[in-house]
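The following questions and answers concern a two-chain model. Please consult the sequence and coordinates alongside each reply.

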Amino acid sequence: MVKVTFKVQNLDFWYGTFKALENITIDISANKVTAFIGPSGCGKSTFLRCLNRMNDLIEETRIEGKIFLDGEDIYSGEVNVADLRRRVGMIFQHPNPFPMSVYENVAYGPRIHGIKDKKRLDEIVEKSLDKAALWKEVKDKLHTPALSLSGGQQQRLCIARVLAVNPEVILMDEPCSAIDPTSTQKIEDLIDELKQSYTIIIVTHNMMQAARVSDFTAFLLAENTNGPAKLIEYDSTEVIFTNPKDKRTENYITGRFG
Amino acid sequence: MNRRLANQIALLILWISALAVVIILLILILYIFIKGAPALSLKFIFSSPEGIRMKGGIFPTIVATFYLTLLAGIIVSPIAIGGAIYLTEYAHEGKVVKLIRFGADSLASVPSIVFGLFGMAFFVEVLRMGFSMLSGALTLALMILPIVMRATEEAILSVPKSYYMGSYGLGATKWQTIKNIILPAASGRILTGIILGIGRAFGETAAVMFTAGMAINIPIFPTDPGRTMTLHLYLLATEGISLNIAFGTSFLLLLFILGFNLTARLFVRRI
């Protein structure tokens, strides 16, 4: 049996009075890539941010239902949110390196979690950049500003930055939507590598990307414009793309809407 | 009247207004330069006034001016930055925050002589600090607090939200994020705010007249009194002691303030 990383039960989510997600129940497998697809604005990113409690930062949001990470309720009072976010790393739509050097970007995470030893940090930085397939490109410019890297390199730097704090899960919120095709290719290859060691959950509006990189695919859809998104279908990627059970999934992946 | 002509006329009027601004500034600077430059010399800058006609230099007033402004800057910076961090990051947008902002903005438009009077009553008299650098600097700090605080708020608000997300996403706490990411990213603009505040304090007369005193001496300790350049200038001119030295002093003041503004711009550019 596959190990379950995230167990989501009857999740509802509100922005103020607007209900964005309704009754989402899903098990996400460890060391697999799970993709969330659906039309833009359907709540994919909102769902993703529930998993590391980034929605807490938005005022007037409310959540009901349960989310368990390795059996632990992440919305219970005892959970340390900072520690949760370390365990569940996040890559954003636009690469967002900090305005400091390449090295400092990667060392930032370990530092805030208490690692001060210079040698240890050097090791972590090298290892993380290497895992993010960036080491060869930046090893001679570790101390140049991260913002001088190309967009694709910046996104891989952000991946290295997340890897440096040794997460269990990596959430990717449309990680390739702001970068060029060659860099996208590199990041997709990287996702394939990383799933050996991490559980990866990716939101994408690019269905071909979901088909290429994921093992499982979940289809979210808000059927009414102002209504909440529901989980329409969830299965192995192969089934979703070749033999979906729900008519709406079929319509979406064959490009009839969205 | 056809639209083309209206356009030309509007342009002409705007152009004249813009030109007027530049010309007025140039005339002012040129006038001060012509009147003040002859008085300027190394001796003028580095020696003390002598005799009843205040011949010689204005060195003690330069020292007192820098002493007061720097001390005010040192006092105001942590308070202004702390307040701005609280208002932008911790306080919930609501009546209290609005009240604090309204208070700060109102404080910024209070005439400086009122600050001077308050400084005299409170720092000089009640707290028994006497006419001193400390009384003067505290009064100036109060006066420029809203300027520096609002500038710092703007600086913090201009930091992209994605930096916060990146840091929180790595498991940083709020304070770690502010200290390690947000403040460094905002530091250029914060520094600009501080320099502009200091620039304002530098040219201040009324607020220091009642608090730092008028004694012409080189202040060493914060408890020493001292006369600032602007106050010296004011006394020289009103008492008709020496217009030459007054213009020399104002020319030097202009140079320093120009220096402040250029430095402030430098930090803005760097961003």
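**Chain B: contacts and overall architecture**

In chain B, residues 24 or more positions apart account for 75% of the contacts with a separation of 6 or more; two residues are in contact if their C-beta atoms, placed from the backbone, lie within 7 Å. The model is predicted: local features need pLDDT of at least 70, side-chain atom pairs count only at pLDDT 80 or more, and totals for chains, interfaces and linings use all residues. Residues are numbered from 1 along each chain as its sequence is written, while chains are lettered from A and ligands numbered from 1 in the order in which they are written.

Q: What percentage of the residues of chain B count as buried?
A: A residue is buried if 20 or more other C-beta atoms lie within 10 Å of its own, exposed if 12 or fewer, and partly exposed in between, with C-beta atoms placed from the backbone. The C-alpha trace of chain B spans about 70 × 70 × 35 Å along its principal axes. Of the 271 residues of chain B, the buried share is 41%.

Q: What distance separates the centres of domain 1 and domain 2 of chain B?
A: Chain B is divided into domain 1 (3–39) and domain 2 (43–269), with bounds that come from an automatic or database domain assignment. Seven residues of domain 1 of chain B are in contact with eight residues of domain 2 of chain B. Taken over C-alpha atoms, the centres of these domains of chain B are separated by 30 Å.

**Helix packing in chain B**

Q: How are α6(B) and α8(B) oriented to each other, and why?
A: Axes are lines fitted to C-alpha atoms, for helices over the stretch in contact, and angles run from 0 to 180 degrees between N-to-C directions. Helix α6 (residues 133–157) and helix α8 (residues 174–202) of chain B pack at an angle of about 150°, with their axes 8 Å apart. Angles under 35 degrees count as roughly parallel, over 145 as roughly antiparallel, 65 to 115 as roughly perpendicular and the rest as oblique. The two helices α6(B) and α8(B) are therefore roughly antiparallel.

Q: How many nonpolar residues does the contact of α3(B) with α8(B) have?
A: α3(B) and α8(B) pack at an angle of about 140°, their axes being 9 Å apart, and that makes α3(B) oblique to α8(B). Among the residues making the contact are Thr69(B) and Val76(B) of α3(B) and Ile198(B) and Phe202(B) of α8(B). Ala, Val, Leu, Ile, Met, Phe, Trp, Tyr, Cys and Pro count as nonpolar, Asp, Glu, Lys and Arg as charged, and the others, Gly among them, as polar. By these classes, the contact of α3(B) with α8(B) has five polar and two charged residues, and its nonpolar residues number 10.

Q: Is Thr69(B) buried or exposed?
A: Thr69(B) is found in helix α3 (residues 59–90) of chain B. Leaving aside neighbours within four places in sequence, Thr69(B) is in contact with Ile198(B), Ala201(B) and Phe202(B). Because 26 other C-beta atoms lie within 10 Å, Thr69(B) is buried.

**Chain A and its side facing chain B**

Q: Which element supplies the largest share of the side of chain A that touches chain B?
A: In total, 20 residues of chain A are in contact with 14 residues of chain B. At least two residues of that side of chain A come from each of α2 (81–87), β6 (88–91), α3 (102–112) and α6 (151–163) of chain A. The largest share, four residues, comes from α2(A).

Q: Which helix of chain B do the buried residues of α3(A) pack against?
A: α3(A) is mostly covered, eight of its 11 residues being buried. Among them are Val102(A), Tyr108(A) and Ile112(A). Together with α4 (118–131), α5 (135–138) and α6 of chain A, the buried residues of α3(A) pack against α8 of chain B.

Q: Is Val169(A) buried or exposed?
A: Val169(A) lies in strand β7 (residues 169–173) of chain A. Leaving aside neighbours within four places in sequence, its contacts include Thr5(A), Arg87(A) and Tyr198(A). With 21 C-beta neighbours inside 10 Å, Val169(A) counts as buried.
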